[in-house]
Amino acid sequence: MRKIFLAGAAMVLAGVGVAGAADVLPPPIIDAPIYESPVSHPVESSGGWYLRGDVGYSWNKLRGVDFLQGGLGTYAPFTTASLRTSYSIGGGVGYQINQRLRTDVTLDYFSKAKFRGSTTGSCGVATACTSTDLSGISGFGLLANAYVDLYKKGRFTFYAGAGVGGTHVKWDDLNNTSCQTGNSSNCDPSFNHGGAKGWRFTYALMAGASVDITCNLKGDVGYRYRNMASGAMFKSLTSQGYQGYHKSISSHEVRGGLRYGFGGCAEQEVYIEPAPIMPAVYK
């Protein structure tokens, strides 16, 4: 009995000693991961002056053509009048004012768009005739443009713009052949009317997107609506004056090009969270 009592007392004393030691020793230290402060890195972007080059493909529409009826002294419209498609190539210089606004001046060459029209009435071989009128128009357009960058997503920027200026057009000679309606082999001799040339007031509306290729170089794909005012088209056979006048010409154009900036690469700070630094293992 005495031995059992002594053994129990020893066990109690041992437990008390372990608890006291636990109270004396500090608790184990468990370190959380240590994070460094975010660091900044320069990101390059172009700005300032830039050069641009573009090519385009246009679907052209002519509202109509009026011609002076010789003996009557009045104007009458062509029965039909249409323009074929054409392409454009051009360049310009501009300035990026800030992150949203830029302006440029562009000069574009418009390739020849073929014209085909017809009139009806009497002619030399019959009282009911239909004419076939063939020509073409080409020119240079000079526009001052302004653009607003509406939205940026990653490397892509979506924009809208407008331009105003003039187009110097050159009409080819108008070849006119009148034949009996219903009998295309019975025709008058063909006549050539000298083509007109000169400046036409022009305005344009644009929309599109650009992509950052490098900090200085951007690709550009967009749409442009261009409207050119009316003016003289071809001369009279009997005088130095003009006999034909075209109405306004509009174009729906798909364009692609490049812009190269000379303003250098501006630094913008972005914050990149570094990976956590793990503490050393506690032993």
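Leaving aside its neighbours within four places in sequence, with which residues is D149 in contact? The legends below take up this point and other close-up views of a predicted model.

Figure 1. Once neighbours within four places in sequence are set aside, the residues in contact with D149 are Q96, Q99, R100, R102, T157, F158 and Y159. D149 is buried but forms no salt bridge. The nearest side chain of opposite charge is that of R102, at 4.1 Å, whereas a salt bridge requires a side-chain nitrogen of Lys or Arg within 4 Å of a carboxyl oxygen of Asp or Glu.

**Figure 2. Open sheet of four strands.** The strands follow the order β4-β3-β17-β16, and their pairing is antiparallel. Because β4 (74-77) and β16 (231-235) are at the edges and each has a single partner strand, one side of each is left without a neighbour in the sheet. From one strand to the next, the twist averages 35°.

**Figure 3. Pairing of β3 with β17.** Strand β3 (residues 65-69) and strand β17 (residues 242-246) run antiparallel and are joined by three bridges. Within this pair, F67 is positioned opposite G244 of β17.

**Figure 4. Hairpin of β11 and β12.** Strand β11 (residues 174-180) runs antiparallel to strand β12 (residues 183-187), with two bridges joining them. C179 has C187, in β12, as its bridge partner. Two residues lie between the strands of this hairpin, in which G182 adopts a positive phi near 90°.

Technical notes: Residues are numbered from 1 along each chain as its sequence is written. This is a predicted model: local features need pLDDT of at least 70, side-chain atom pairs count only at pLDDT 80 or more; totals for chains, interfaces and linings use all residues. Side-chain values use heavy atoms; hydrogens and water are left out. Two strands pair if DSSP finds at least two bridges between them. Axes are lines fitted to C-alpha atoms, for helices over the stretch in contact, and angles run from 0 to 180 degrees between N-to-C directions. Buried means under 20% relative accessible area, exposed over 50%, partly exposed in between (1.4 Å probe, protein chains only). Lys and Arg count as positive and Asp and Glu as negative; His and the chain ends are not counted. Contact means heavy atoms within 4.5 Å.
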